[in-house]
Protein chains: 2
Amino acid sequence: MTTHEASLIEVARLAEVSTATAGRALGGYGKVSERTRERVLAAAAELGYRPNSLARSMVTGSTHTIGVVVTDVANPFFATALRGITDVTSPAGFEVLLANTGGELAAEQRAVTVMSEKRVDGMIVAAARPGEAAHLKHAMGAGVPIVLIDRQVSGVPDADSITVDNDRAAAEAVEHLLELGHRRIGVITEAGDQLARVRSGTRRRGLFPSAVRLRGYVTALGAAGLPVDETLVASARYDRESAYDAMNRLLDLPEPPSAVVCTDNVLASGAYRAAQDRGLRMPAEVSLIGFDDEPWTTLVRPELTVVEQPTYDLGARAGQHLLDRITAGATPRRPQHIQLSAKLVARSSTGPR
Amino acid sequence: MTTHEASLIEVARLAEVSTATAGRALGGYGKVSERTRERVLAAAAELGYRPNSLARSMVTGSTHTIGVVVTDVANPFFATALRGITDVTSPAGFEVLLANTGGELAAEQRAVTVMSEKRVDGMIVAAARPGEAAHLKHAMGAGVPIVLIDRQVSGVPDADSITVDNDRAAAEAVEHLLELGHRRIGVITEAGDQLARVRSGTRRRGLFPSAVRLRGYVTALGAAGLPVDETLVASARYDRESAYDAMNRLLDLPEPPSAVVCTDNVLASGAYRAAQDRGLRMPAEVSLIGFDDEPWTTLVRPELTVVEQPTYDLGARAGQHLLDRITAGATPRRPQHIQLSAKLVARSSTGPR
DNA sequence: CTACTGAGTGAGAACCTTCTCAGTCGGTGG
DNA sequence: CCACCGACTGAGAAGGTTCTCACTCAGTAG
């Protein structure tokens with residue numbers, strides 16, 4: 001029970017062969033006679049030998065490790081995506097090096113740098129800022145493939161990306177409400193400050209999901225010939241309390257909306273709570289739509305109408321994509337940008353005006 | 001934009017110094033004159049130099065990486081604990097290598113082995129089986145400290161552990177119901193098959209949380225002088241549907257329970273749903289208690305009474321503990337077994353008989 | 001002037017593998 | 001008998017750091 005790990009050299013010595021032969025016997029490469037293989041295996045077992053991956057990686061140039069950078073593992077969205085990633089990469093023999101940035105750019109830069117130094121074979125990144133790409137570019141320049149998930153980043157044209165079609169997702173939510181006869185439709189969003197940019201029609205690359213969803217809201221209204229009433233766009237931070245307040249602000253308006261879209265599951269739970277606390281009957285007095293089909297959305301009464309994102313699939317695809325990139329290696333294909341589509345699940349929190 | 005990463009040797013050559021000096025200038029160890037430091041830094045910047053952690057780790061013997069093994073990252077319980085871990089370890093300069101076992105022993109053994117080979121500095125493990133310890137012992141034998149979370153494992157006496165006092169947690173839930181006058185109290189559990197073992201009083205080490213909670217249920221009833229009616233112990237697997245069925249089985253009994261305890265948040269949501277679907281009024285017709293204080297428990301009507309586990313704290317403590325072990329290094333303290341206490345949060349899903 | 005100090009530097013070993021290249025040795029075809 | 005082959009093995013380099021040890025050189029105390 002020493003603290004010392006046996007090395008290949010010691011195994012070789014015990015088996016009375018060279019390290020080269022011992023390596024061949026244990027590593028399964030090259031030719032070894034049956035007799036010596038057995039001797040080496042026995043010696044390895046006796047010493048409790050574990051190969052040193054660091055040394056191996058130094059010479060092979062591959063670590064069989066991929067880096068995953070997310071803003072918040074505790075968010076079911078990322079937790080589920082992460083599960084999708086590991087489910088795909090683990091059978092392929094890849095381990096995941098995880099970093100949590102809390103949405104802070106500095107933390108993300110640090111994480112990407114450290115992962116580069118640890119020589120990960122590739123990275124999956126949910127970026128903190130849509131416009132900051134220097135650290136990602138540096139990594140790609142060093143030959144580390146990157147797959148962006150959930151959020152596009154402008155300035156890393158070579159990186160693949162797997163995102164959700166948030167434009168359509170939000171538009172579908174709004175269209176659903178329009179069909180039900182709603183005309184004053186509010187939205188609770190983290191991207192309220194970007195309303196002007198969104199309305200002026202920026203390219204997608206520079207926008208994060210919440211902003212893209214806001215754009216979907218704007219375009220859907222526009223397509224229906226309705227104006228965008230800025231008082232119906234309520235800003236919230238990324239927490240339930242803030243969404244709770246935003247919902248109350250909307251409902252306190254002289255002309256409150258008859259329906260509200262939340263661009264996120266956290267915001268939806270805050271808004272739902274606000275409607276409950278005011279004793280409003282959904283959907284009779286106000287209709288509500290959330291994002292992400294979490295288990296609780298069918299436990300509440302009324303059940304919550306949501307736009308369901310393919311969260312697990314997002315992670316699984318990203319993992320598969322990265323593996324392809326890593327193993328494809330020398331054959332650089334053009335970067336791919338995959339958009340998964342979200343699905344409206346109509347339930348009883350939405351109803352006719 | 002080559003695929004090649006500059007090495008220390010190239011930096012040294014460009015700065016016209018030895019690798020030793022270049023290493024000192026960049027690594028911040030040893031003595032270097034101001035002038036040469038600047039020259040080296042300039043050369044490093046020009047080449048976009050990134051130190052190779054693998055090489056460094058080979059010589060220093062430390063990777064600044066910790067392994068985390070959980071059964072399911074997508075479960076909010078583990079996702080939150082994981083967040084606690086990274087929040088503590090990341091500022092200390094440690095990265096997390098994550099593995100998801102799906103509760104399968106083989107996957108866990110593989111993960112622990114691979115992590116050992118990758119020379120993690122320590123591991124945090126939520127084990128798949130309470131009795132399988134060989135792989136953990138091997139790792140500890142090689143000098144890798146291990147902190148067990150959520151689940152004790154018999155056979156690794158040297159490992160620290162951070163668990164929740166599930167015995168008390170479950171007992172409090174039952175006591176709460178007893179105080180409300182309930183006498184027929186059901187339980188939905190994953191450890192139904194271990195009822196006999198639990199009743200015969202096995203030591204804690206060999207039991208997993210669900211079994212320990214079942215024991216808490218048994219002892220609380222015993223303390224109140226009530227018998228354990230085996231028909232009131234309903235088994236379920238780790239999913240909502242199974243819990244849904246279990247709840248229905250309980251309610252279909254000739255003498256159904258007037259109150260039910262679920263030993264897990266997933267089971268609670270299934271049971272809640274079952275009660276809803278039968279049109280039962282809670283707590284008038286049946287009282288229900290769940291585990292883990294998740295956001296949805298206050299959105300449903302009635303709000304769910306729960307036993308709240310200090311999930312985030314569990315992870316944060318485990319992280320801190322492991323860091324202590326790693327840095328303490330040569331001073332081996334006795335293994336510590338910390339039990340965090342859970343808290344009953346009484347809400348409106350429980351009421352008088 | 002000598003001896004000593006201390007800052008700065010370089011040569012080279014060590015960490016543990018994989019991989020290339022050059023053998024050795026028995027067997028086989030000419 | 002020779003050339004050759006094929007199966008197996010070993011010596012040693014390579015990979016990129018850190019660290020030890022020895023060295024130089026200027027400054028300083030005696």
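**Close-up views of a predicted protein–DNA model**

**View 1. Residues around DNA strand C.** DNA strand C is surrounded by 26 residues, of which Leu8(A), Gly23(A), Ala55(A), Ser18(B) and Thr21(B) are the closest. Elements that give two or more residues to this surface are α1 (8-15), α2 and α4 of chain A, together with α2 and α4 of chain B. The surface near DNA strand C divides into 12 nonpolar, 12 polar and 2 charged residues. A residue is near a strand if its C-beta atom, placed from the backbone, lies within 6 Å of it. Helices (H or I, at least four residues) and strands (E, at least two) are DSSP runs, numbered from the N terminus. Ala, Val, Leu, Ile, Met, Phe, Trp, Tyr, Cys and Pro count as nonpolar, Asp, Glu, Lys and Arg as charged, and the others, Gly among them, as polar. This is a predicted model, in which local features need pLDDT of at least 70 and side-chain atom pairs count only at pLDDT 80 or more, while totals for chains, interfaces and linings use all residues. Residues are numbered from 1 along each chain as its sequence is written, and chains are lettered from A and ligands numbered from 1 in the order in which they are written.

**View 2. Residues around DNA strand D.** Among the 28 residues around DNA strand D, those that come nearest are Ser18(A), Ala20(A), Thr21(A), Leu8(B) and Ala55(B). Two or more residues are given to this surface by α2 (19-27) and α4 (53-60) of chain A and by α1 (8-15), α2 (19-27) and α4 (53-60) of chain B. The element that gives the most is α4(B), with 5 residues. The surface near DNA strand D has 14 nonpolar, 12 polar and 2 charged residues.

**View 3. The contact between chains A and B.** Chain A and chain B each bring 45 residues to the contact. On the side of chain A, at least two residues each come from α4, α5 (76-89), β2 (95-100), α6 (105-117), α7 (134-141) and α12. That side comprises 21 nonpolar, 14 polar and 10 charged residues. Residues are in contact if their C-beta atoms, placed from the backbone, lie within 7 Å. Strand β2(A) pairs with β2 (residues 95-100) of chain B in the antiparallel sense over 3 bridges; strands pair if DSSP finds at least two bridges between them. Leu98(A) stands opposite Val96(B) in β2(B).

**View 4. The largest nonpolar core.** Of the 198 residues in this core, Ala271(A) and Ala271(B) touch the most other members. Not counting residues up to four places away in sequence, Ala271(A) touches Ile188(A), Ala243(A), Met247(A), Val260(A), Cys262(A) and Leu288(A). A nonpolar core is a set of buried Ala, Val, Leu, Ile, Met, Phe, Trp, Tyr and Cys residues joined through C-beta atoms within 7 Å. A residue is buried if 20 or more other C-beta atoms lie within 10 Å of its own, exposed if 12 or fewer, and partly exposed in between, with C-beta atoms placed from the backbone.

**View 5. Backbone features in loops.** Most residues other than glycine have a negative phi, and most peptide bonds are trans. Glu16(A), in the loop between α1 and α2 of chain A, has a positive phi near 55 degrees. The peptide bond from Met282(A) to Pro283(A) is cis, with omega near 0 degrees, and Pro283(A) is found in the loop between α12 (265-277) and β9 (287-291) of chain A.

Methods. Contact = placed C-beta atoms within 7 Å.
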